[in-house]
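Work through the exercises below with the structure open beside you. Try each task before you read its solution.

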Amino acid sequence: MELLIKNGVVYDPLNEICGEKMDICVKDDKIVSKVKSPKVIDADGKLVMPGGVDIHAHIAGGKINAGRLLRPEDGRKGTEPRGKLTRACTGYSVPNTYATGYRYAKMGYTFVMEPATPPLLARHTHEELIDTPILDNAILALLDNNWMTMEYVKSGETKKLAAYVAWMIKAVKAYGVKIVNPGGDEAWGWGKNVNIDDSVPNFDVTPRDIIGSLAEANEMLNLPHSIHIHCNDLGHPGNYETTLKSFDVIKGRSNKNRQVMHATHVQFHSYGGSSWKDFESKVDEIAKYVNVKKHVTIDMGQVMLGDTTTMTADGPLEYGLHTITGRKWTNLDVELETGGGITPFLYSSKVAVNTIQWAIGLELALLIKDPWKIVLTTDHPNGAPFITYPIVISLLMSRQKREEVMANVHKAINKRAILPSIERELDWNDIAIMTRAAPARILGLDRYGKGHLGVGADADVAIYDVSPEEKEAKKIQSALLRAKYTIKGGEIVVKDGEIVAVPEGRTYWVNPEFDGKPTKDMLGDLTGKFEKYYSVNLANYPVQDAYLPHPIEIKTKV
Amino acid sequence: MTITDVLCPFCGALCDDVVVEVENNKIVEVKEACEMGVSKMMGHERITTPMIRESGELKETTYEDAVDKTAEILVNSIRPLIYGWSSTTCEAHKKGIELAEEMGAVIDNTASVCHGPSILAIQNVGLPSCTLGQIKNRADLIIYWGSNQAEAHPRHMSRYTSFPRGFFSEEGRKGKKVVVVDVRKTTTVEVADEFIQVAPGEDYPVLSALRAILAGEEDIVPSCVGGVSKERLIELVEKMKDARFGVIFFGLGLTHTRGRHNNVVNAISLVRELNAHTKFVIMPMRGHYNVTGFNQVCTWETGFPFAVDFSRGQPWYNPGETSAVDILNRKECDSALIVASDPAAHFPRKSVEHLAKIPLIQIDPYPNPTMELADVVIPSAIAGVEVEGTAYRMDKVPIRLRKVIEPNHLSDEEILGRILDKVRERRGE
Ligand code: SF4
């Protein structure tokens, strides 16, 4: 099957193509330089970009499903009947798996990273990914509150830690290492929490130690992605200091291909003030740091004003939110490994704090000069559902649009946020970087054909019916919400904003080679943990091949 | 041949340490499992061949004809009900949901007559919970409320709660307090430290009294609530607050007595409030080994956990309206497909009467009362013994069921897949 995408205005930042009128050729599932007898897609005057890459969205697994179960009232929003090709859809902030696949595809996205899987529940995440159509995907495994991790951090046995990380990633078919409130969930096992320099109860290590050691293990294994961290102290006034301290833990490290730390949903970590009363934006400080340092990249975690469902592996945080709102709350501690919580949340334009949170996400994207360092996310569904991306983009591209919103929100935004003073408007190249090229590079997926349109890349392409000169926010939004075409693996999956094909997604997983004595010793320790403390047997723990019907294995060597 | 690490496909405890001896494709011995588990895995009377009822009698037939007859019934009905699911794999659940969607049917599962009220309660207030290993390693106060798990989940206590030694509970049973709250002295009481007897139907006020005491409002609590003295209640609250890690497991004694889901809301609210003082969690004692799995799959595929009506095209969830018993009682459905469950034995009489009247298809490994009413009977292989696949333990931990012997029958998933194909064929798709 051949396609010729003719005369599009192409933005392909990884290949330094910035709004050039040109043709893109597709043969089977790859981008090629020439085609013989292709089906021609007329993209004259339309935007052509690589398929979108979401670096961080809670789309599958125990937490999102607990969110769906918790919120039938959300499920009832956005229901769509079964179509000829499509399954029935439900949900807004907690969409069912089918809605997730279709809606991302309609927005021109073709890859999503599920960023927080408790290893013990990984089978569940993979089961949902099987039922998530179209999207290529991968999962990050939570490895920071694990007893094995903390014990090796404490003993300083980094090689054994690396062996453990390698074994776990392979066992649960994950792509990389996720850190969420390091040490916090272990403390939450006793109803407590920790900050970066506190000692984790009973384990005698600090979050700082955990971050440093996991980064070292991650680099030792040469994983495609760096550690991916949700810092301690999320959501609290004054937490920007913790955030900067967390960034600083590994400031001396580097990697020639990428960052050595990706900090996620930094909007939730850029807060000043000492209480909710004097809560303010500290994006200036965060941006100052990120602008001059090379080792860290971030994503936004943009908040949009409205109702959503918050869910994270940060157990104590969700309990804290529940005590603020009094709304329903689900918690799920996972033995020896991690935790998790879910609670609905309304970000209200009438509430000073929520309004400032909304501003902070945008400030991050606008004050960080290099778009390669900041990825567009809403930490779906924590800041807002992913379906709001087109609105986020229009806000970043239009100062006028921002001013319209700011005129109708809590006035605290004028004093305690920076946004009103920012004039910068992003252009399509910035957007293409923040939604495609940068996330692919940060994940290390650019080397495996994602995030660009060079010859040999995966034929994942989005074509939007909007002129690059378009300034009107509404037009930008509707074009981005319903792509003219989305091509996934060389197949047209969306045409005129409608699903026209539903191929199954593929799951990327990393198989880190790491053998020898540390692995042997580690396996001895691990066997002990299963014999004594886990509630399942070791033999039943690894995710079987049956759960990855379309695997893409990436082998790494030390 | 010895096969280790086998899962027991019987109750929600989903033990995964069973050892099975197989000779000539026959299980000759089952070790580690409890009696119920052993009996399930050793096997008992099976339905041998597909059957179709003709002039009142079930006559043997082929899979092909049974599947075709099923498709015919489904295609000719306006409001089919598809029900069951708690003793089969998630892979079968997926096929069932797809079939329901295709047919515009109502799909429901046994949770609807079991922990349905718990799910409604969770949708009201949430569920502060954890995996069972967390309890094994940490809990020092274990409360079983309205749940006689010594009989329903015999190994629950030895594997996950009262008895095992955990990382922070090295002393095992000695370091843990076990309290039973129930209307009668169940067998669980024999291995507990304390028994609090509640008058039948009085769980709600007892829970309210505990919440009031916890909130420092003990003045408003009368001297005796639901048959329990105020002193006992105050003592229990103190115990809860003093625990390092406490847990309430609740069963049908809470969900199926006066107050139903409100009882569970009250219990969950109590646990929520206890978290201001110490670590506390709560967990429903789910019965069948994969009832949790159906709720999981149905939730991610349709957005809702059970009682999903596809007659509008998109899923509509309104338990009480769209649950199996209600649809049957209103005599609404004009055919029913039952998979891996036995509603004739468990539903109210009125519902069973309607089931008897409509075309009824039964897919199950075993003969049971529902089969007596069925017009088409399709035998299936036993999931977890003859078929592998996914199951979710009561704490939502997914584990893969093992296949230990070769089946002589098709799996539920295969049968449903064939029905789906036939339905599509008949509808000319
Ligand atoms: S407790 Fe339940 S799962 Fe465990 S062996 Fe007995 S019946 Fe099987």
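This is a predicted model: local features need pLDDT of at least 70, side-chain atom pairs count only at pLDDT 80 or more; totals for chains, interfaces and linings use all residues.

**Exercise 1. Classify K396(B) by its relative accessible area.**

Step 1. K396(B) belongs to the loop between strand 21 (389-392) and strand 22 (398-401) of chain B.

Step 2. Partly exposed covers the range between buried, under 20%, and exposed, over 50%. The relative accessible area of K396(B) is 24%, so K396(B) is partly exposed.

Step 3. K396(B) is not a glycine, yet its phi is positive, at about 75 degrees.

**Exercise 2. Name the two residues joined by a cis peptide bond in chain A.**

Step 1. The bond between H380(A) and P381(A) is cis, with omega about -5 degrees.

Step 2. P381(A) is in the loop between strand 18 (374-375) and helix 13 (389-397) of chain A.

**Exercise 3. Describe the largest cavity and its lining.**

Step 1. Count first. Ten cavities of 30 Å³ or more are present. The largest cavity has a volume of about 190 Å³.

Step 2. Its lining has 16 residues. Nearest the centre are L69(A), I122(B), R286(B), Q296(B) and K396(B).

Step 3. Look at the elements. Those that give two or more residues are helix 1 (62-70) of chain A, and helix 4 (116-125) and helix 12 (291-302) of chain B. Helix 12 of chain B gives the most, with four residues.

Step 4. Sort by class. The lining has seven nonpolar, seven polar and two charged residues.

**Exercise 4. Describe the linings of the largest pocket and the second largest pocket.**

Step 1. The largest pocket has a volume of about 840 Å³. It is lined by 35 residues, and closest to its centre are F10(B), S87(B), H288(B), S341(B) and H346(B).

Step 2. Its lining has 19 nonpolar, twelve polar and four charged residues. Domain 1 (46-114 + 289-426) and domain 2 (116-284) of chain B each give at least three residues to this lining.

Step 3. Move to the second largest pocket, with a volume of about 590 Å³. Among its 21 lining residues, I130(A), D131(A), E504(A), K94(B) and K95(B) are the closest to its centre.

Step 4. This second lining has eight nonpolar, one polar and twelve charged residues. Helix 3 of chain B gives the most to it, with four residues.

**Exercise 5. State how the shell around the ligand divides by class.**

Step 1. List members of the shell. They include C8(B), F10(B), C11(B), C15(B), C34(B) and R155(B).

Step 2. Sort them. The shell has nine nonpolar residues, one polar and one charged.

Technical notes:
Residues are numbered from 1 along each chain as its sequence is written. Chains are lettered from A and ligands numbered from 1 in the order in which they are written. Side-chain values use heavy atoms; hydrogens and water are left out. A residue is near a molecule or strand if one of its heavy atoms lies within 4 Å of it. Ala, Val, Leu, Ile, Met, Phe, Trp, Tyr, Cys and Pro count as nonpolar, Asp, Glu, Lys and Arg as charged, and the others, Gly among them, as polar. Buried means under 20% relative accessible area, exposed over 50%, partly exposed in between (1.4 Å probe, protein chains only). On a 1 Å grid over the protein atoms alone, a cavity is a set of points where a 1.4 Å probe fits but cannot get out, and a pocket is an open set with protein on both sides within 12 Å along at least five of seven lines; lining residues have an atom within 4 Å of a point. Grid points are joined across faces, edges and corners, and a volume is the space filled by probe spheres set on the points. Domain bounds come from an automatic or database domain assignment.
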